[in-house]
Amino acid sequence: MTAAPAPAEPAAARLAASAPWDAEADDALVCLAVRDETHDVKTFVLAPREPRLFAYAPGQFLTFSFEIGGETIHRCYTLSSAPTRPHAVAVTVKRVPGGPVSNWLHDTLKPGDTVRALGPMGAFSCFSHPAPKYLLLSGGSGVTPMMAMARSFHDVGEPRDVAFVHSARSPADIVFRGELELMARLDPTFRVHVVCETDSADEVWAGPKGRLSLDTLREAVPDFLEREIFVCGPKPYMDAVRAMLKDAGFDMARHHQESFDFGELPEADKEAAAEAAEALDAEAAPAATVRTFRVEFAKTRRVLECPEDTTVLDAARKAGIRLPSSCAKGLCGTCKSKLTSGTVAMTHAGGIRQREIDAGMALLCCSKPTSDLVVER
Amino acid sequence: MLDVTPTPLQRLLRERRPGYTLAAPFYLSPDVFEADMEVIFGRHWIYVGVEPDVPEAGDVMVVDIGKTSVAIVRGDDDQIRAFHNLCRHRGARLVHEEKSTVGNLVCRYHSWTYDLTGNLIHAEHMGPDFERGCHGLKPVHIRSLAGLLFICLADEPPADFDAMAARLGPYIEPHNVRNTKVAFQKDIIEPGNWKLTMENNRECYHCGANHPELTVPLFAYGFGFAPEEMDEHDRANAERYGCLLKTRHGEWEAEGLPSREIDELDTMITGFRTERLPLDGEGESHTLDTKAACRKLLGTFTNAKLGGLSVWTQPNSWHHFLGDHIVTFSVLPLDAGRSLLRTKWLVHEDAVEGVDYDLANLTGVWEATNDQDSELVGICQQGVASPAYEPGPYSPHTEMLVEKFCNWYVGRMTAHLGR
């Protein structure tokens with residue numbers, strides 16, 4: 001008798017993966033599992049077809065491109081998964097009445113389906129602000145980045161004092177309730193407190209009721225003033241928390257907040273997300289990758305990386321380099337610069353003459369690199 | 001009877017004695033200078049350059065006439081336009097170099113951007129009610145006479161430009177100004193009133209004593225002489241010149257080259273004069289060996305022995321069109337006692353310096369002559385400032401054109417200021 005070759009075990013292959021996921025090389029993520037968290041919240045577990053490892057900071061988000069009703073819609077979702085389990089990522093989405101994307105995800109996305117994503121991006125993470133003691137404050141769906149942070153600390157087992165105070169509408173709306181209770185039971189340095197606005201149909205809430213107040217907070221976490229505080233939730237919630245902390249004399253330099261609402265994102269994150277959305281749009285071929293070129297500014301001796309789909313001016317702006325510019329559409333020529341070496345693809349609107357182009361000049365506002373560049377600026 | 005008190009300038013104009021130089025204030029007074037800028041340079045066609053100054057789309061040339069700066073631009077439609085050289089935002093000077101090439105015209109102060117037809121196409125932060133259409137560049141009248149550019153700062157320029165162009169154009173066109181390039185330009189500031197610069201140009205009475213280079217190719221006889229005073233040698237030369245002129249004019253006219261004199265120096269608002277004059281020696285060009293300075297001839301010429309077509313326009317230009325090159329002069333007043341003389345040497349656009357022409361040879365005669373004239377204008381300016389100065393008589397044989405210049409000037413000033 002000969003043994004039949006063992007069938008490849010996909011999970012084993014996934015765990016054996018060693019190459020990091022590179023969204024620029026492969027932005028297609030396959031939905032592996034869909035989990036019900038509450039009556040209107042689901043978690044979607046995603047990974048590339050080829051097993052890869054995800055590296056990110058807990059609190060970061062991905063920008064997705066969904067094909068819904070023949071239309072491409074972009075959304076940013078914070079990862080609820082922890083980078084300590086790098087073989088897949090997860091987003092946790094609450095159904096929003098009338099929301100085209102959340103409803104589509106809940107009703108349509110199933111294991112085996114593919115979505116496209118770029119990232120991770122965002123600066124909102126406990127990893128950016130190391131501290132011995134944390135307070136994680138979340139309201140509603142704002143729980144996702146907090147969960148990613150809590151899971152990360154829990155998984156690595158470092159002694160870290162984390163207090164997690166979550167505000168939910170009712171007991172039935174507490175996302176990750178079981179897992180939070182489990183982590184608290186297993187780890188004495190992790191404490192969780194939930195504030196509910198109301199009871200739910202089948203449960204009377206025994207904990208603090210109403211909205212989060214300073215008294216509730218003091219009672220739950222008496223030493224909150226000594227902690228690094230992360231806040232995420234709807235804008236009214238975050239505004240209330242901010243006011244509360246100020247009143248309590250908290251050092252606001254140690255207060256960090258992020259909305260899960262795209263419109264409330266900090267500008268830099270918004271830009272990164274918008275750019276990712278653009279990049280997702282621009283990639284017609286599934287395997288298309290965005291090359292990045294080195295741009296050197298000879299006079300100021302600054303060097304930056306400029307993706308081939310980004311204008312040199314935009315890349316410079318993002319890198320904090322100030323270049324003279326005005327119209328940003330190739331009209332006024334204020335950004336006209338000499339290219340000492342390298343080539344660009346330029347779509348100008350009359351702000352430069354062919355003779356100037358022939359002499360090595362370019363308008364940086366409408367020039368995308370096609371090679372490494374040295375700019376006389 | 002009207003009881004009108006004339007201004008000092010009106011009185012000066014009224015008292016000007018025909019056939020005599022102008023009274024001292026015409027050369028010295030800041031008030032007269034201001035009136036000159038307003039009336040003569042503000043309301044007449046002023047020669048400022050040539051089409052090859054702005055050969056390609058996007059080329060810009062700036063010319064300053066007194067306090068007015070004008071940008072002359074060739075657009076993408078190949079049309080040449082002129083605009084007041086200031087931004088409609090805060091009035092900043094728009095173009096700063098005499099010659100430049102632009103995509104659009106952009107004010108460096110706040111990046112207001114105008115296309116080459118003068119429309120404002122970009123202005124940030126001006127709010128939704130801002131009307132770009134009302135803030136285009138202010139146009140200046142500009143005309144090309146066979147490639148020579150004239151601008152007029154007045155709202156309504158003299159209407160006889162076309163009449164001049166119709167008669168002068170055929171003389172100039174064979175030299176094909178548009179297919180030339182500016183091989184060299186020289187600006188010199190003459191230490192004298194602009195009228196002294198012009199008067200000096202309008203006679204060759206001084207040539208024999210002062211222009212050893214120019215009189216190699218140029219017959220001074222071409223600008224008048226008094227035969228009864230000449231010795232036998234001079235008379236023989238003058239007769240030889242007279243015969244040459246007659247023969248040559250016949251030949252050139254037969255070849256389709258208009259040559260005979262037209263003189264409207266003081267009979268038109270846009271006064272002018274032209275005549276094609278034979279040259280001495282080889283008869284080809286204004287060079288020290290009287291041969292062509294440039295191997296590539298102008299237009300469709302195959303023979304350089306075409307003499308020199310002289311063109312004068314009132315109030316500020318003169319030109320020599322030769323078979324191989326063109327020398328063109330414009331005078332722009334700076335103040336009562338200083339004038340900018342701008343000279344351009346044009347050769348065929350395909351001619352290569354060092355191969356088809358030698359720049360020193362091309363420019364030698366007129367560089368020397370201009371320097372000599374500048375000195376002469378300077379000593380005249382010094383002299384008229386003396387309390388002992390009184391207007392002196394012009395020669396009826398060699399200074400007729402000077403008298404016509406002054407007559408035109410007095411006539412135009414009087415027409416605008418009244419008696």
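Strands here are DSSP E runs of at least two residues, helices are H or I runs of at least four, and both are numbered from the N terminus. Two strands count as paired if DSSP finds at least two bridges between them. Within this pair, A:Ala168 stands opposite A:Cys196 of β9(A).

Some housekeeping. This is a predicted model, with local features needing pLDDT of at least 70 and side-chain atom pairs pLDDT 80 or more, while totals for chains, interfaces and linings use all residues. Residues are numbered from 1 along each chain as its sequence is written, chains are lettered from A and ligands numbered from 1 in the order written, and side-chain values use heavy atoms, without hydrogens and water.

Now the whole sheet. It is open, with 5 strands of chain A in the order β9-β8-β7-β10-β11 and parallel pairing. β9 (190–196) and β11 (255–258) of chain A are the edges, each with a single partner strand, so one side of each has no neighbour in the sheet. From one strand to the next, the twist averages 15 degrees.

Next, the helices on this sheet. Helix α3 (residues 143–156) of chain A lies across β7 (133–139), β8, β9 and β10 (228–232) of chain A, at about 150 degrees to β7(A). Angles run from 0 to 180 degrees between N-to-C directions, with axes fitted to C-alpha atoms, for helices over the stretch in contact. Contact means heavy atoms within 4.5 Å. Helix α6 (residues 235–247) of chain A also packs on the sheet, touching β7, β8, β10 and β11 of chain A. The direction of α6 makes about 155 degrees with that of β10(A).
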